[in-house]
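Colleague: I am new to this one and would like to learn how to read its features. Could you take me through them in turn?

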Amino acid sequence: MERRGPGPVPVRMTVNGVTYELTVPPRRTLLDALREDLGLTGAKRVCDEGTCGACTVSLDGQAVYSCLVLAVECEGRTVETVEGLIRDGELHPVQEAFIEHDAAQCGFCTPGQIMALKALLDQNPRASLEDIRQTVAGNLCRCGAYPKIIAAGLTAAGVVAARAAAKAPEDGGAGA
Amino acid sequence: MPELRKTVVEIEGRLHEEYVVVDGEDLPAWPEDRVLSRVGQPLPRVDARAKVTGTARFTHDIQLPGMLHARILRSPHPHARLRRIDVSGALAVPGVLAVLTHENVPELGWPGRPLFDTVLRYQGAEVAAVVAVDEAAATDALDKISVEYEPLPFVVDLEAAVEPDAPRVYPEGNVSADEASVYVRGDTDQGFAEADVVVEANFRTAAQLHNCFETHGSVCSWDGGRLTVWDSTQHVFGVRKTLAQAFGLPMHDVRVIKQFMGGGFGSKGGTGRYTVIAALLARQTGRPVKLLLDRREENLATGHRHNTLQYIKLGARSDGTLTAIYHQVFAGVGAWGWVAPVGGPARELYRCPNVKTEEYAVCLNLGPDSAFRAPGYVEGTVALEGAMDDLAVALGMDPIELRLRNYADTNQPRNLPYSGKGLREAYRIGAELMGWHLRETTGYLPRKRTILATLGGGGNHSPEGEQPPAGPGGVEDLVCWPGTQPEDLPPHRRRGLGMASQIWGGGGGPPAHAEVRVNPDATVTVATGTQDIGTGTRTVLAQVAAEELSIPVEHVRVLLGDTEAGPYGPISAGSLTVASVGPAVRAAAADARRQLVELAASLLDAKVEELILKDGRVEVAGSPERGIALRELTARLGNFMVTGHGSRGPNPEDVAVHTFGAQFAEVEVDLETGAVEVTRIVAVHDSGRIINPLTTSSQVEGGVIQGLGFALSEERAVDPQTGRVLSADLENYRIPTALDVPIIDHVMVPGADLAANNLGAKGVGEPPIIPTAAAVANAVYDALGIRPTDLPLTRPRVLAAIKRLEEAAQAVEAGAESGKEQAGEGGTR
Amino acid sequence: MKPFAYTAATSLDQAQEILSEEWGSRLYAGGTDLLTLTKRGTVSPDHLVDIKGLADFRYLRHLTGGGLAIGALTTLAELEANRTVHRRFPALARSIAVTGTPQLRNRATVGGNLCQQPRCWYYRGDFPCLLHGDEVCGAAKGENAYHALFGYESADGNRCVAVHPSDPAVALSALEAEVVVAVPGEAPVNWEATPIDDLFQQPTKDFPGTTILNPGDVVVEIRVPEQPKGSRQVYLKAMDRAAWAFALVSVAAVATLDGNRLADLRLALGGVAYKPWRARHAEEIARGHVVSPELVDEIVELAAEGAMPLGANEYKVPLLKGLVRQALRAVTDESRGI
Ligand SMILES: Cc1cc2nc3c(=O)[nH]c(=O)nc-3n(C[C@H](O)[C@H](O)[C@H](O)COP(=O)(O)OP(=O)(O)OC[C@H]3O[C@@H](n4cnc5c(N)ncnc54)[C@H](O)[C@@H]3O)c2cc1C
Ligand code: FES
Ligand code: FES
C-alpha cells in the first residue's frame with residue numbers, strides 16, 4: 001500500500017450493512033468518523049484512550065474500542081454499531097434484556113456495553129456467567145449499573161443459547 | 001385565593017427558606033393501605049428503548065447545520081499570573097474563526113468570576129477559547145496560542161495549606177474562620193466531663209472526582225436575538241436564569257434543553273463557564289457552537305468531592321449513652337467552593353445533648369469543588385460511624401446496640417420530630433440479612449476485645465478553633481486483637497463485618513410545577529421543567545400521573561428537560577425530584593381528573609360527587625352502566641385538551657422529613673498482600689413509598705458502587721512538585737469495574753411517609769452512597785483490629801496498617817516472653 | 001493528535017525500509033499503546049507504518065523439541081484462546097487474561113505488548129520527565145507509588161524510575177522465552193533469538209524506548225521453550241482494582257518439583273523494574289532444596305533483596321513478599337492453592 005495522508009484520503013468501509021466512502025485524514029479515529037462523518041452517535045466518546053469502553057463497536061465481528069482504531073485502517077472492513085442491531089424493528093436479545101433489567105441508568109455507557117456483550121454472544125452463544133463478567137469488565141459504568149448489566153447479559157445469553165439450540169437441528173438437517 | 005407562604009426546604013444537607021404560592025388544599029397522601037396499581041410497580045424505564053438503540057440524544061450527540069466546535073485553553077500551572085498572550089498563531093490555523101481571551105471578552109452580566117482571569121488559581125483555569133470549523137482544527141489551534149505565565153507559589157496539599165506560612169491561594173489566607181460553619185448545641189465541655197469513656201480519632205478522606213461519563217458541555221445557537229442551549233445540566237431553569245442575566249436577555253428568549261444526560265452526580269448543578277463561552281462564540285460567529293470538555297478538563301475543572309481532614313471525639317457513659325460529640329472538619333474546596341455539611345451526621349444522627357461541629361473551607365490551588373452525591377454526609381459518616389465503632393469497642397458493646405442506645409426520635413437541630421424514621425427497622429432487617437449475630441458466635445469479634453497496645457497516631461491539624469485535647473503527638477490508635485476467625489478462611493486472610501447508618505434529607509419541597517394534558521385520544525402528556533439525569537424521572541412521573549388518572553402507564557408521555565416544555569421544575573439534586581416534582585404531577589393529574597369528571601357529569605347527567613374515574617372509564621359509583629370511556633369522553637370534546645395544573649405544596653411545619661438507612665459490609669483482608677475484598681453489602685433504606693422498585697434498586701446499587709469506589713480506590717493524585725493533577729484520566733483515577741462489585745442485597749423499609757408530601761415518597765438518589773464507605777471501613781476494622789483512618793483503602797494504607805498490627809503483636813509477644821502479664825481480660829486468640 | 005501519514009505495509013522489508021530511513025516514522029501494530037501516546041502528544045509521529053496486515057507474522061507454531069513459536073503480530077486474544085498456551089504455559093495464559101480488557105486484547109499484538117512504553121504518569125502527562133528531554137525525572141522525588149524498586153541505580157532524578165508495564169513479559173521471562181528480532185537488511189536466516197530479558201533497557205533521555213531496538217528493528221517472533229516435565233506455573237497480579245489496571249506488583253513462578261524437593265524455580269517480578277525482574281538469588285537458593293517453611297521464608301526475603309523503595313512505593317516490598325509467598329504456595333502445594 002501507498003503512503004496516505006496526512007491530508008484527507010478516501011476510505012471505503014461497510015457500516016451496519018451500508019458501504020460508505022469517507023474522506024478522512026489518517027488521524028481521524030473510527031469513533032470520530034462514525035460520530036462526526038456518519039452521524040452515528042450511538043458509540044460515545046468518554047475517555048478517547050481505551051480506558052472506558054463507551055466507544056465499543058464491532059470490527060469484523062470483534063469488539064474493539066473505536067477510539068483506538070484509525071478510520072483508514074478500516075478500508076474494506078465491516079463495522080457494526082448499536083444503531084445496526086435492530087432487525088425489522090426487532091431489538092437484539094441483549095437490547096431487550098437491558099430494558100427488562102433496567103441495565104441502563106444514564107445510558108451513556110450503554111451502547112458500548114451492548115456491543116461488547118453482543119460480540120461475546122456472537123462468538124460464544126453458550127457464554128457463561130464468568131464469560132459475561134469478564135466481558136463487562138471491559139466497559140466501565142459510572143452509574144454502577146453493573147449488577148443489572150450482568151443480569152441482562154445472562155438473560156440475553158439464555159435467549160441466544162435457546163435460539164442456537166432451536167436452530168441447530170434445523171441446520172443439521174439442511175446440511176445432511 | 002392564592003396565598004404566599006414560607007416553607008423550609010432542604011437541599012444537599014442545607015436548609016433554605018422558599019416562598020410558595022398555595023392555592024387550596026394539597027391532596028392527602030395515598031393512605032398506607034391503598035392498593036396502587038401503577039405506583040409501586042417495577043416497570044422498565046419509559047425511555048429505555050432510546051438508550052439501548054443509540055437514539056437517545058445526549059448533548060454530545062447534538063449536531064446542527066453549520067455548527068462550529070470550540071475548545072478551551074487552560075492553565076498548565078496551579079497558580080500563575082498571565083503576563084502576555086498572543087493568539088495570532090491560532091488565528092492562522094486554517095478553519096479557525098475566532099479566539100477569545102481576557103483581552104477581548106465582551107462585558108457580560110455573568111454573575112460568576114471572570115470567564116478568563118489574569119490570575120490563574122488552578123491547573124485547568126480558563127485562559128482562552130478557540131472556535132473552528134471542526135474539533136481537530138480547534139485543538140490544533142490551542143497549541144498555537146503563546147502564553148507567558150509568571151508562576152506563583154502554590155499549595156495543593158490540605159495539611160500544608162492550613163499551616164500559617166503556607167503559600168496563599170488568596171491574599172486573605174487559605175482558611176477563613178469567618179466563613180466557618182460552627183454549630184453548637186448544649187455544652188460539649190460539660191458533656192465530656194460527664195463521660196465515662198471518651199474516644200477520639202482523626203480521619204482523612206480523598207478528593208473524589210465525579211467522572212460523569214458524559215463530560216460537561218453545551219451546544220449554543222442564536223436565532224435572531226434568541227438563544228437556544230443544549231446543555232448537559234441538572235437544572236435547565238437554573239441555566240436559563242443565569243444565561244438571561246449574562247446576556248441581558250428576557251428570560252423567554254433563552255431556551256435550555258437537556259433530554260438525556262450521561263451522569264451529573266452533583267457536578268452539573270450550576271451554569272458552566274464553558275456554556276457562556278460557547279454562547280459568546282456562537283453570537284460572535286453567527287453559527288451554532290459546540291463546546292465539549294475532554295476527560296482531562298472534566299477532572300481538572302468541573303468539581304470534585306472535597307478531600308477532608310477530620311477530628312472527632314465522642315463521650316459516653318458506661319451504658320453507651322452519648323454525652324458529647326465534637327467534630328472538626330477541614331475541607332479542601334479548591335480554588336473556591338463550599339464546604340458540604342460534613343458535620344451533618346454528627347449533628348443529627350444520634351441523640352446527644354452536647355454537640356459542637358466546626359467546618360472550615362480550605363482553599364487550595366486545585367479546581368473548585370462541587371456537590372457530589374450526598375456531599376459532606378459521605379465523608380462525615382466515615383468519621384462518625386468509625387468513632388462509634390471505636391466507642392463500641394471501648395465499651396465492649398455491640399455496635400448496633402450502641403447505636404440503638406442513642407437512637408434519635410427528633411431532629412435535634414430543628415427540634416422537630418421526624419415525619420417517619422425506619423432506621424430501627426433498617427438495623428433489624430440488615431442485621432438479619434447479613435447474619436450480624438455471627439460476629440459473636442463465630443468470633444468475628446469478641447464483644448470485648450483485648451486492647452493490645454496504643455500507638456501514637458498522626459498529629460492533629462488544628463490551626464484554629466478548638467485544639468483536640470490529645471495535644472501534640474495526637475490521637476492514639478487502639479490496636480485490638482480480633483477474635484478467632486471462621487475456619488473456612490486460610491490463615492492469611494481475615495474476615496470482618498461492619499455496618500454504618502445513614503441519615504439524609506430527600507424530602508424535597510416547593511417550588512415545582514407540572515401540567516397534565518389529556519389529549520383527544522385520552523393519551524396524556526405530562527409537562528414539567530424538571531430533568532431526568534439517569535435516575536428514572538420520566539418513568540416515575542408517568543407512573544404517578546397514570547395512577548392518579550387510572551390509565552395505563554404506556555398512555556402517558558412525559559416531557560421534561562426543556563424550559564419550553566413545561567412549567568418550572570427544580571434542580572435535580574439533593575434527592576428531591578420525586579418528592580418535589582412527583583407531588584406536583586399528582587396534583588396536576590388530579591386537577592385534570594376533576595375536570596374530566598365534571599365534563600362527564602354533564603354528559604352523563606350525574607352529580608360530580610357520584611362519579612369515579614377507574615380503569616379508563618368515568619362512571620357512577622355502584623352503577624357502571626352509567627359511565628363513559630375516557631377515550632369517548634375526550635373524543636367528544638373535539639380537538640381539545642383538558643389541561644390540569646399542579647404544584648408542590650409547602651412542607652409540613654411540625655415535622656422534619658428525612659431519609660434513613662443502614663448498610664452492612666462483609667470484607668476479607670489479605671494480610672500478605674493488603675488486598676481488601678468486599679464480599680457482600682447489605683443495604684436497607686427507608687425512603688418512604690417507593691414509586692418504582694426497579695429503578696430504585698438501580699439507584700441503591702449505583703450508590704453503593706460509587707461508595708465502594710470512594711472507600712477502596714478512588715483518589716485524586718496531585719504532584720507535589722508541580723501542583724498538577726496526575727490522575728485526571730480514567731486510567732489513574734480508578735472507578736470500580738464490574739469485577740469489583742460484590743453481592744449487593746438491598747431492601748427498602750416498607751411504608752409510606754404520609755406527612756412528607758402527597759405521594760408519601762422521599763428521595764433515593766443519594767442515601768445509598770452515604771454509609772457504604774463507613775461500613776466497609778468498619779468491617780476492615782473488625783477484620784484487622786486496627787481502625788483504618790485514611791480512605792481510600794489502597795494497598796499502601798492497608799499494608800501500613802498491617803505492619804502496625806504486626807509490630808503491636810510483636811511488642812506483646814516480647815512483653816509476654818519477658819514474663820510480664822499483658823493484655824487484660826476477655827481476649828480470645 | 002498531530003496530523004500524520006499512514007502506510008499499510010505490504011511486506012516487512014517495505015516497513016523496515018521506511019522505519020529505518022524516515023525520521024518521524026513509527027511502527028504501528030495494534031495501536032493500543034501508540035495511539036494513546038500520540039493522542040496525549042507524548043510522541044508525535046509523522047508517519048505510521050502499519051504492519052498488522054503482514055499475515056506471515058501472525059501464527060502459533062510448535063517448535064521441534066516441544067516449545068511454541070508465536071508470531072509477533074498474534075493478538076493477545078488469539079493467544080488467550082489457544083489451547084496449547086493454556087495447557088502448557090498457564091502462567092502466560094493467565095498473564096494475558098489479566099492484561100487490559102477483551103477489547104484491548106482483540107487489538108493488542110504480543111510484539112507491541114513487549115515494546116510498549118512505560119505507563120508512568122509523569123511520562124504520559126505534562127510533567128517533568130527525562131524521556132521528554134527534561135533534566136530530571138519527576139517521579140523520583142514525586143508521586144512514585146507505581147514506580148521501581150529495582151534496577152534504576154539511582155534516585156537522584158537522573159535515571160528513569162518507571163517500570164515496564166507488560167504482564168505477558170513477566171510470564172515470558174519466567175518461562176525463559178526468547179525473542180527474534182528482524183534487523184533491516186538482514187536475511188531471515190540471520191535473525192537472532194535473544195533471551196527476553198535482554199530485549200529491555202532502562203529508558204534514557206537519549207533513548208526513551210523500553211527496548212534495545214533501533215528504528216526498523218522489528219520483533220517478529222517469541223519462542224517459548226518447552227518447560228520441564230511436571231513443572232508448575234502461576235502468575236499473580238496485584239492491582240488497585242479487580243481488572244483493567246496495570247500491576248502494582250506481579251509474580252510469575254515456574255517450579256519443577258522432584259517429590260518435595262525444588263528441582264528448579266524461576267521467579268520473575270513485574271511492576272518493580274524497567275524489565276521483568278528475575279529474583280535470581282532466590283532461585284539459586286531454592287534449587288535442589290526441600291520445600292519447608294524456612295526455605296519459603298528465605299526465598300521470600302531474597303526475592304525482595306536489594307529493593308530500593310523510592311518513598312511512596314515502600315508498600316511494594318511487603319506486597320512483593322506476600323505475592324511471592326502466595327506464588328510459592330501455589331506451585332509447591334497442590335492441596336492448598338493460593
Ligand atoms: C487502558 C489500557 C490498559 C492496559 N492494561 C494492560 C495490562 O494490564 N497489562 C499489559 O501488559 N498491558 C496493558 N496494556 C497495554 C497493551 O497491552 C499494549 O498497549 C499492547 O499490548 C500493545 O500492543 P499493540 O499491538 O497495540 O502495540 P502498538 O500500540 O501498535 O505499539 C506499541 C509500541 O511498540 C512498537 N511495536 C509494536 N509492535 C512491534 C514489533 N513487532 N516490533 C518492534 N516494535 C513494535 C510500536 O512502535 C510502539 O512503539 C493496556 C493498555 C491500555 C490502553
Ligand atoms: S472512548 Fe474509547 S475506550 Fe473510552
Ligand atoms: S448507565 Fe451511566 S455510565 Fe453506565
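**Salt bridges and the interface**

Modeller: Glu126(B) and Arg74(B) form a salt bridge, with the closest N and O atoms 3.6 Å apart. Bear in mind that this is a predicted model.

Colleague: Where do Glu126(B) and Arg74(B) lie in chain B?

Modeller: Side chains of opposite charge can pair when their charged atoms come close. Here Glu126(B) belongs to strand S7 (residues 126–132) of chain B and Arg74(B) to strand S3 (residues 68–74) of chain B, so the pair ties together parts 52 residues apart in sequence. Both Glu126(B) and Arg74(B) are buried. They also belong to a network of salt bridges that links Arg71(B), Arg74(B), Glu126(B), Arg273(B), Asp294(B) and Glu297(B).

Colleague: How many salt bridges does a search of the whole structure find over all chains?

Modeller: The search finds 85. One of them joins the side chains of Lys118(A) and Glu80(A) (2.7 Å, N to O). Lys118(A) is in helix H3 of chain A and Glu80(A) in strand S6 (residues 78–80) of chain A, so this pair ties together parts 38 residues apart in sequence.

Colleague: Is Lys118(A) buried or exposed?

Modeller: Buried means under 20% relative accessible area. Lys118(A), at 9%, therefore counts as buried, and so does Glu80(A), at 14%.

Colleague: What about Arg38(B) and Asp615(B)?

Modeller: Their side chains meet in a salt bridge of 4.0 Å, N to O. The two residues are 577 apart, with Arg38(B) in the loop between strand S2 (14–22) and helix H1 (48–53) of chain B, and Asp615(B) in the loop between strand S26 (611–614) and strand S27 (617–620) of chain B. Arg38(B) is buried, with a relative accessible area of 14%, whereas Asp615(B) is exposed, with 57%.

Colleague: What area is buried between chain A and chain B?

Modeller: The size of an interface is often given as the accessible area lost when the parts come together. Between chain A and chain B that area is about 4,000 Å², and carbon and sulfur atoms give 55% of it. Gln105(A), Phe108(A) and Arg142(A) supply 20% of the area that chain A buries against chain B, more than any other three residues. The contact takes 46 residues from chain A and 52 residues from chain B.

Colleague: How many salt bridges are found across the interface of chain A and chain B?

Modeller: There are seven across this interface. Arg142(A) takes part in a salt bridge with Glu714(B) (2.7 Å, N to O).

Note on methods. Residues are numbered from 1 along each chain as its sequence is written. Chains are lettered from A and ligands numbered from 1 in the order in which they are written. This is a predicted model: local features need pLDDT of at least 70, side-chain atom pairs count only at pLDDT 80 or more; totals for chains, interfaces and linings use all residues. Side-chain values use heavy atoms; hydrogens and water are left out. Contact means heavy atoms within 4.5 Å. Buried area is the accessible area (1.4 Å probe) that two parts lose on being put together, summed over both. Helices (H or I, at least four residues) and strands (E, at least two) are DSSP runs, numbered from the N terminus. Buried means under 20% relative accessible area, exposed over 50%, partly exposed in between (1.4 Å probe, protein chains only).
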